[in-house]
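Let's look at how the terms used for a pair of packed helices follow from their definitions. Here is the model to go through together.

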Amino acid sequence: MTRARVRTLLQWALCVWLVLVILGAFFYAPSALGFKGESARIVFFHVPQAWVAVLAFCVNLVASLRYLRTRDALDDARAAAAARLGLVFSVLATVTGSLFANVMWNSFWNWDPREVSIVILLLIYAAYFALREAVPDEERRASLSAAYAVLAFVTMPFLVFVVPRIYWSLHPDTIIGATGKLKLQMDSRMLQVLLGSLVGFTGLFCWLYTLEVRLARVRLARAGREEA
Amino acid sequence: MRASTLLSESVAVLGKELTSELRSRVALNAVGLFGLTTLIAVAYQIGPYRIQEQDRPHLLAALLWVILFFAATSGLSRVFVKEEDARTAKTLRLAARPLAVLAGKFLFNLILLSALYAFIVPLYCALMGYSVQGIASLALLLACGAVALSATSTMVAAIIARASGSTTLFAILSVPLVLPLLVMLIQGTRAAAGSTAIAAVLPALRGIVSLGGATLIISVYLFPVVWHD
Amino acid sequence: MPGAESLVWVAAVTVVIWLGLFAYCVGLARRVRRLEDES
């Protein structure tokens, strides 16, 4: 089978999978106890979005490190593609999380450490693109944004892991953590849908990412030929 | 071949920064004035009596760091941007090795921050009626916080100086990186204000020291890349 | 608690949005493939 046919097959498989996930989230998974109405179902979309935002961050880091080593423009394109997708998914994750918080606890924002860390990720992506916009020269843009991405990656764990530890020790009575804590008491059908959704969203990310990288490769090849 | 050591070159860069700064005092004035203005505005409107007793620990710690960060942002990026503006950057690249430049400018920012803290913090405590019980803990927290903030800011300043150099870009890039630090500093200050034991600030201190350390280590790798572009 | 009908509605809307996005992405994929085949 040619590459193109494999790709088309995978695309359709992804479409079917995600339609099944959506239907499963609404009809197959039972209503969760302790949640207001059906609001828990948003978790099936919210958690994978946050996961993809972090995944995109890791892909960005790897591509940035590779760029710093190889100075290949394609690696810079990879980093930018991952960051673009990461921005989209972190916005989605923040919005869905906020909607969920509003239904559950009647306020759009609670300053829960996990909520704050997804916003920080969003700010990092936004800053990354602000930096890219500010540099007209391509090579300099690539190395500066790669440097910033690595710097940001080093500082991120502190918010995700260290601050919650301090936070909890000073404030033992804060609100319950976000939906990540649910996993332990999850109904098996809910777990199935959640895992299926995770796989589906990861597949979606892979597809969109490879599309962008392929496009970048074509553009670079074309630009290379125009110069020659 | 270089006859000078890394240490001597770093000291030389630091000396150059201090000399040029004392000559024109631009960063000092900006940082000091921003800090003082914000402090006076806050102290005048809020003062020691307008905050309720139960809110005092949180608000006073948070307000202090808002003032300090706001003042710091106005001056910390100068250290690289002025080189690009005055077109002395190329000479500096030839004159000193990159790590020496990083070390010298990092130390300069550290001194600038320490001066800001030494100026604003006692004034704030006096004007706002902030009674800090653990003065030693607070001093330790301020010192470690200054190191961490200087590390992050110097690296970000190096990046934006090679971009557009604007303070806005500096603020945009540093906000996500400095937010965890800010949170830890505010919590640490609250803990230090509340008790004399150093143990109270230890959790925050651990976080701040590791953040500063990690940033310094990664800067050693990243700075030459950014500097020699 | 929202009734079953509204659940069906939300599910239907979500599926429609996803199919729309999918169609758009497939269109993009076709364009990229055409560009690749040209060069």
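Q: What makes residues of α2(A) and α6(A) count as meeting?
A: Two residues are in contact if their C-beta atoms, placed from the backbone, lie within 7 Å. In this predicted model, A:Phe44, A:Trp51 and A:Leu55 are among the residues of α2(A) that meet α6(A), where the partners include A:Leu198, A:Phe201 and A:Phe205. By class, this contact has 13 nonpolar, three polar and no charged residues. Nonpolar here covers Ala, Val, Leu, Ile, Met, Phe, Trp, Tyr, Cys and Pro; Asp, Glu, Lys and Arg are charged, and the others, Gly among them, are polar.

Q: Why is α2(A) called oblique to α6(A)?
A: The axes of α2 (residues 43-70) and α6 (residues 188-227) of chain A cross at roughly 40 degrees and come within 9 Å. Angles under 35 degrees count as roughly parallel, over 145 as roughly antiparallel, 65 to 115 as roughly perpendicular and the rest as oblique, so α2(A) is oblique to α6(A).

Q: What is the handedness of the crossing of α2(A) and α6(A)?
A: That crossing is right-handed: the near helix is turned clockwise from the far one by less than a right angle.

Q: Where in chain A is confidence highest, and where lowest?
A: On pLDDT, the predictor's confidence in each residue from 0 to 100, α2(A) is highest with a mean of 93, and α5 (residues 138-170) of chain A is lowest at 79. Over residues 169-184 of chain A, the pLDDT is below 50.

As for conventions, local features need pLDDT of at least 70, side-chain atom pairs count only at pLDDT 80 or more, and totals for chains, interfaces and linings use all residues. Residues are numbered from 1 along each chain as its sequence is written, while chains are lettered from A and ligands numbered from 1 in the order in which they are written.

How values were computed. Axes are lines fitted to C-alpha atoms, for helices over the stretch in contact, and angles run from 0 to 180 degrees between N-to-C directions. Helices (H or I, at least four residues) and strands (E, at least two) are DSSP runs, numbered from the N terminus.
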